[in-house]
Amino acid sequence: IADKDMRRVILSRKGFDAKAGGVASPILRDGRIYSLPIPQNYPSPVRYKNLNFDEISGTDLLKEVSAPISPCSFCHLDPLLNEKIGIFGQAGSSQTELKNHKVCSGDLFLFFGWFRDFFYKGKNLHHLFGWLEVDRIIKGSKDIKHFLKQNNIEHPHGFGDVSRYTNNTIYIGKKKLSLNININGHGLFKYSHKDLILTESNMTRSRWKLPKKYFSGSHNLFLNRLKWEDQENCRIFYKGFGQEFILNVEENPKVIEWAAQLIHKHS
C-alpha cells in the first residue's frame, strides 16, 4: 500500500526520558500504554492533574511510574493525537533538521518513547505510541497562534509567551490516513504489542531490531543519525541524541507498508 506522495517516515522520540521526567511512561496492567508528556517550567495549557487517560487521572499515572513530579506541575502536552485535529509542534535545531530533510505534506510521523510495565516489573523498551500524517505545516508564532485561536485549540507552541521557540512550527494532521481512508490521519496506539516495540527482545532499550520483511535490503534509508549495526539482521544501536529520526521511504516503499500495517492493525 505504498503512497507515492509519502517521501519520509519520521520516528519521533517524545514523552518522558532520562532527563525530562526521569522514568519511563507506563504500560498498564491491562496492556494499555500512555506516553507521559515532559514537564515544562513555564505556564502551559495543561497541568499533570488535568490529564485524563481512559478515566485514569494524570495524578494516578504519575504515581504508577513513581515520577518525582508534582501533579500541579505544567506539562508539555505535545503531540496532541486524541483530539479532533492532530497537532505536533517542533522548534529549534530539531525543526531545522526536519526542514533540511524536506519533511512535508504527506509524510508520516510515528511517535515513540521509553515505556515500561511497572506492575509486572517489565523491561525498559522503546515503544511506538502514535502517528500523524502531515496535512499542512504552519511556521512562525504569529500564524500558529492565529490557527489555534481560529480552531479554539490550546497547544504549548502557541500558548502565552512563545519567544523561547526559534523556528516555531506546528504540523497539522490529515483528517484521514492516505494509506487507509477508514483510519484517522492521527491517533494513539492504545495497547502494547510486540509489533510496536522497537527494542530487540531481551536487550537494553537502545538495541533495536526492525522486521526483516519490510527493512531487509533497504537502500539509503537513514537520512540522519540512525545507522545499521547489522544490516543483514536489521539491527540498530540507537544513539539517544536528538528527537527526529528521518527515514527515506521514497527509495524504500516497503517501509511505508510497515507503517501502514502497524496503523491498520493497532489503531
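In this predicted model, glutamine 90 is found in strand β8, which spans residues 87-90. With a relative accessibility of 6%, glutamine 90 counts as buried, because the cut-off for that class is under 20% relative accessible area. The side chain of glutamine 90 makes a polar contact of 3.0 Å with the side chain of glutamine 243. When residues up to four places away in sequence are not counted, glutamine 90 touches Lys14, Gln95, Leu98, His157, Asn167, Asn168, Thr169, Tyr171, Gln243 and Glu244.

Two of these neighbours, Gln95 and Leu98, are among the buried residues of helix α2 (residues 92-100), a group that also includes Gly92, Ser94 and Glu97. The buried residues of α2 are covered by elements including β1, β8, β9, β11 and β18. After α2 comes lysine 102, whose phi is positive, near 60°.

Another neighbour of glutamine 90, asparagine 168, lies in the loop between α3 (141-150) and β11 (169-173). Asparagine 168 is likewise buried, since its relative accessible area is 3% and the cut-off is under 20%. The side chain of asparagine 168 takes part in a polar contact of 3.0 Å with the side chain of serine 141, and in another, of 2.8 Å, with the side chain of histidine 157. Although asparagine 168 and glycine 140 are 28 residues apart in sequence, their C-alpha atoms are 5.2 Å apart in space. Beyond the residues up to four places away in sequence, asparagine 168 touches Gln90, Ala91, Ile138, Lys139, Gly140, Ser141, Ile144, His157 and Val162.

A further loop residue, serine 35, has its place between β2 (25-26) and β3 (38-40). Serine 35 counts as buried because its relative accessibility is 15%, against a cut-off of under 20%. Its contacts, not counting residues up to four places away in sequence, are with Lys14, Gly15, Ser25, Phe115 and Phe129; Lys14 is also among the residues touched by glutamine 90.

The largest nonpolar core of the model has 51 residues, and those with the most contacts inside it are Leu11, Phe109, Leu110, Leu128, Phe215, Leu247 and Trp258. At least two residues of this core come from each of β1 (8-13), β9 (108-116), β10 (125-139), α4 (212-215), β18 (244-248) and α5 (253-266). Of the contributing elements, α5 gives the most to this core, with seven residues. Tryptophan 258, once its neighbours within four places in sequence are left aside, is in contact with Leu11, Leu110, Leu128, Pro211, Tyr214 and Phe215.

The elements β10, α4 and α5 each supply at least two residues of the lining, and α5 gives the most, with three residues.

Notes
Residues are numbered from 1 along each chain as its sequence is written. This is a predicted model: local features need pLDDT of at least 70, side-chain atom pairs count only at pLDDT 80 or more; totals for chains, interfaces and linings use all residues. Side-chain values use heavy atoms; hydrogens and water are left out. A nonpolar core is a set of buried Ala, Val, Leu, Ile, Met, Phe, Trp, Tyr and Cys residues joined through side-chain atoms within 4.5 Å. Buried means under 20% relative accessible area, exposed over 50%, partly exposed in between (1.4 Å probe, protein chains only). Helices (H or I, at least four residues) and strands (E, at least two) are DSSP runs, numbered from the N terminus. Contact means heavy atoms within 4.5 Å. A polar contact is a pair of N or O atoms within 3.5 Å; within protein, one must be able to donate a hydrogen and the other to accept it, and residues adjacent in sequence count only if both atoms are side-chain atoms.
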